[in-house]
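This report describes a structural model and the surroundings of selected residues. Please consult the sequence and the structure displayed below.

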Amino acid sequence: MAKAKAPRRPLESCTIKHINKTINAGDCVLMRPADQSNPQYVARIERIDADARGGNVKVLARWYYRPEESIGGRRQFHGSKELFLSDHYDVQSADTIEGKCTVHSFKSYTKLDSVGNDDFFCRFEYNSSTGAFNPDRVAVYCKCEMPYNPDDLMVQCEDCSDCRSLKNWNWYYFSCHFQLEQKWLKKF
């Protein structure tokens, strides 16, 4: 006869001894990948539980994907610290947690005075089985019609008729604006 599974009890928090941090449900964490050459995984802790003795702590992790891990791959407008909140959940040992991090909304990330190593942002939810994003559209800027990438410098141009006539297009990526200026100067 098979041994019955020992009941597990929910925990409000747990202390991860090897990093000396307390983790709560709702916290975002960095998790150790199986292949140490890969970057740390990022997850939001949905639930924490332990066996009846209080040991063998497990967490229910909701994974964030990096753009290169998604079906469409990394695109030009994805920031280097961009993540997608997925519908992918797993139970993991709490011992695989290597640190805490902060996943900001896109709006709050763009207002940070400085971005630390453990700061990330998320503007999309990602369906890992279909590759669909929510929202499926975002505002575009510049003549290149790309969404805002917080890693790339944008400049506001109010001087030329091209800029005044286009909705949302008085903001240019510096590289695109520089190309426009070069074309404009060649006219003279």
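## Model and confidence

What is the mean pLDDT of the protein chain, and what percentage of its residues reach 70 or more? The mean is 84, and 80% of the residues reach 70 or more; pLDDT is the predictor's confidence in each residue, from 0 to 100. Among the elements of the chain, strand E4 has the highest mean pLDDT (98), and helix H2 (residues 161–165) has the lowest (51). Helices (H or I, at least four residues) and strands (E, at least two) are DSSP runs, numbered from the N terminus.

The model is predicted: local features need pLDDT of at least 70, side-chain atom pairs count only at pLDDT 80 or more, and totals for chains, interfaces and linings use all residues. Residues are numbered from 1 along each chain as its sequence is written, and side-chain values use heavy atoms, with hydrogens and water left out.

Strand E4 spans residues 28–31. Cys 28 and Leu 30 point one way from this strand, Val 29 and Met 31 point the other way, and all are buried. Buried means under 20% relative accessible area, exposed over 50%, and partly exposed in between (1.4 Å probe, protein chains only).

E4 runs antiparallel to strand E5 (residues 41–51), to which four bridges join it; two strands pair if DSSP finds at least two bridges between them. The bridge partner of Cys 28 in E5 is Arg 44. E4 also pairs with strand E8 (residues 97–105), in the antiparallel sense and over four bridges, and there Gly 99 is the bridge partner of Leu 30.

In the loop between E4 and E5 lies Gln 36. Because its relative accessible area is 53%, Gln 36 is exposed. Its side chain reaches the backbone oxygen of Pro 33 at 3.0 Å.

## Nonpolar cores

In soluble globular proteins, nonpolar side chains tend to be buried together. A nonpolar core is a set of buried Ala, Val, Leu, Ile, Met, Phe, Trp, Tyr and Cys residues joined through side-chain atoms within 4.5 Å. The largest such core has 20 residues, and Val 29 and Met 31 are among those with the most contacts inside it. Strands E2 (13–16), E4, E5, E6 (58–65) and E9 (119–126) each supply at least two residues of this core. A second, separate core of ten residues includes Leu 30, Val 42, Leu 85 and Phe 120.

Not counting residues up to four places away in sequence, Met 31 touches several residues, including Tyr 41, Val 59, Trp 63 and Ile 97; contact means heavy atoms within 4.5 Å.

## Cysteines

The structure holds zero disulfides, a disulfide being a pair of cysteine sulfur atoms within 2.5 Å. For Cys 28, the nearest cysteine sulfur is that of Cys 101, 5.3 Å away. Cys 28 counts as buried because its relative accessibility is 10%.

Cys 122 is buried, with a relative accessible area of 18%.

## Arg 123

Arg 123 lies in strand E9 and is buried, since its relative accessible area is 14%. A polar contact of 2.8 Å joins its side chain to that of Glu 82. A polar contact is a pair of N or O atoms within 3.5 Å; within protein, one must be able to donate a hydrogen and the other to accept it, and residues adjacent in sequence count only if both atoms are side-chain atoms. A polar atom of the Arg 123 side chain also lies 3.0 Å from the backbone oxygen of Phe 77.
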